[in-house]
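I opened this entry to keep track of what I looked up. My notes follow the order in which I went through the topics.

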Amino acid sequence: MPPSGVPSTGRVSDLYRKFGPAIYSRCRRLLKDDALAEDATQEVFVRVMRHIEAAPDDSAALAWIYRISTNYCLNQIRDRSRQAEPTAPDELPEGDGETLEPQMLDRDVAMRLVERTPEKLRETVILYYVDGLEQEQVARTLGISRRTVINRLQEFQERSRKFLAREGSPS
Amino acid sequence: MTATNARGHLSSETIDLLLLSALASSEANEAKAHLDDCSLCKQRWLELNEDSQKFKQYVFARTLPQVEARLSESRPGFFERFKLQLLLPALGVATAAALALTFAAGPGTQTEDDIYIGVKGLEPTFEVFAQREAGASFAVKANTALRPKDKLRFVVTPGQAKYVLVASVDGKGTFSVYHPFGAAESEKLTGQVPRRLELGSTVELDDTMGTEKLVVVLSDAPVKAEAVKAALLTSPAAPKLEGARVLTREFVKVAP
């Protein structure tokens with residue numbers, strides 16, 4: 001690595017080719033917009049590169065990618081939601097009153113519920129429901145305890161159940 | 001290790017690692033078998049492959065020059081240079097070289113990458129660095145996963161404090177004093193104390209897994225380890241000690 005700490009041009013190209021697809025795909029899923037995803041991919045990759053040389057393996061690099069891309073995209077979503085009209089409530093499916101798992105398997109539904117969720121819960125919810133990570137993996141990625149992960153998921157579930165019960169099923 | 005999560009699906013991480021050919025062969029085989037049986041995961045696998053192709057064909061070449069330009073502008077900023085200049089005289093050549101890599105790889109401004117705890121400037125700070133085997137040192141941050149046998153070192157900005165103590169409560173709730181190692185009370189800072197001080201203790205992590213909390217206690221008078229232990233056990237989220245500044249850091253210890 002040169003003195004500036006920036007990897008050589010060839011190394012950047014190799015790493016961008018290797019991890020770029022995962023970042024791009026993730027940004028597309030979260031932002032639902034190709035152009036925004038392209039811009040976000042560059043931003044996220046630049047941030048990932050600042051850490052990636054210390055990653056012992058691809059799994060550790062992916063943990064950074066998840067964390068950084070989630071934060072970046074959530075910021076974009078938050079900025080966007082300040083201007084955009086909220087999704088019509090009746091576009092969301094009805095919950096069964098017990099568990100959110102069936103609805104949350106649909107990532108579009110999951111993201112719409114996430115957008116209605118307090119910011120402190122969003123990152124945890126995305127990693128668990130959208131990415132399908134285990135609670136322990138979410139805790140490790142975010143540097144929080146598993147207990148905190150469980151508490152945040154419970155709060156999200158309670159909020160979402162109330163919301164779904166209040167708004168009803170699609171007509 | 002099983003490829004599916006507790007909900008019976010492949011996580012994004014597993015699917016990404018499969019695309020990167022970074023799964024162990026047994027796990028990769030299991031994941032591929034699951035894809036044949038699970039329409040949801042199959043759909044996600046196809047989406048990832050589609051996005052990957054799209055990225056390689058249309059996005060990569062067009063955006064690479066911008067990414068390279070952005071990274072070439074990522075010179076160490078004020079805080080990185082500041083940290084490096086202060087630390088170099090106090091450290092051995094090998095450690096300094098390893099830390100230089102860590103700092104140089106950082107961003108140019110204060111961002112999410114910032115490793116400080118607490119307020120910048122002359123306020124007390126607490127930084128933790130880890131070294132794995134003979135590898136380079138790296139900063140321990142909130143999302144850093146450490147392993148048994150990783151070695152920890154501590155850097156503090158003591159401010160006006162005259163005494164320092166670093167302690168830990170591990171995943172099983174065991175309290176230990178890391179600096180001065182095993183001591184009953186905090187260490188007096190003597191002589192010309194640099195603004196940022198690397199403490200002399202190096203701690204090798206044991207095999208207790210889970211979340212470990214570290215605290216540095218900076219004070220004008222000596223503080224008993226027992227008092228720190230009581231504060232940590234009473235209020236682990238925000239331990240308080242009268243007449244002392246307590247800064248905390250957490251990391252997760254996982255199996256290799």
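**Aromatic rings**

I began with the rings and found that A:Y16, A:Y24, A:F45, B:F55 and B:F60 form one aromatic cluster. The model is a predicted one.

I then went back to B:F55 and B:F60 from the cluster. They also pair edge-to-face, with 6.1 Å from centre to centre and 65 degrees between the planes. B:F55 has 0% relative accessibility and counts as buried; B:F60, at 7%, counts as buried too.

**Nonpolar cores**

Which residues have the most contacts inside the largest nonpolar core? I noted A:C27 and A:F45, in a core of 70 residues. A second, separate core has 23 residues, among them B:L146, B:V166, B:L214 and B:F251.

For A:C27 I listed the residues it touches, leaving out those up to four places away in sequence: A:K32, A:A37, A:A40, A:T41, A:V44, A:S69 and A:C73.

**Confidence in chain A**

I checked pLDDT last. Chain A has a mean of 75, with 73% of its residues at 70 or more. Residues 1–6 of chain A stay under 50, and the model gives them 17 contacts beyond four places in sequence. Residues 84–98 of chain A also stay under 50, with 29 such contacts. Where pLDDT is low, predicted coordinates should not be read in detail.

Terms used:
Residues are numbered from 1 along each chain as its sequence is written. Chains are lettered from A and ligands numbered from 1 in the order in which they are written. This is a predicted model: local features need pLDDT of at least 70, side-chain atom pairs count only at pLDDT 80 or more; totals for chains, interfaces and linings use all residues. Side-chain values use heavy atoms; hydrogens and water are left out. pLDDT is the predictor's confidence in each residue, from 0 to 100. Contact means heavy atoms within 4.5 Å. A nonpolar core is a set of buried Ala, Val, Leu, Ile, Met, Phe, Trp, Tyr and Cys residues joined through side-chain atoms within 4.5 Å. Buried means under 20% relative accessible area, exposed over 50%, partly exposed in between (1.4 Å probe, protein chains only). Rings of Phe, Tyr and Trp (its six-membered ring) pair if their centres lie within 6.5 Å; planes under 30 degrees apart count as stacked, over 60 as edge-to-face and the rest as tilted.
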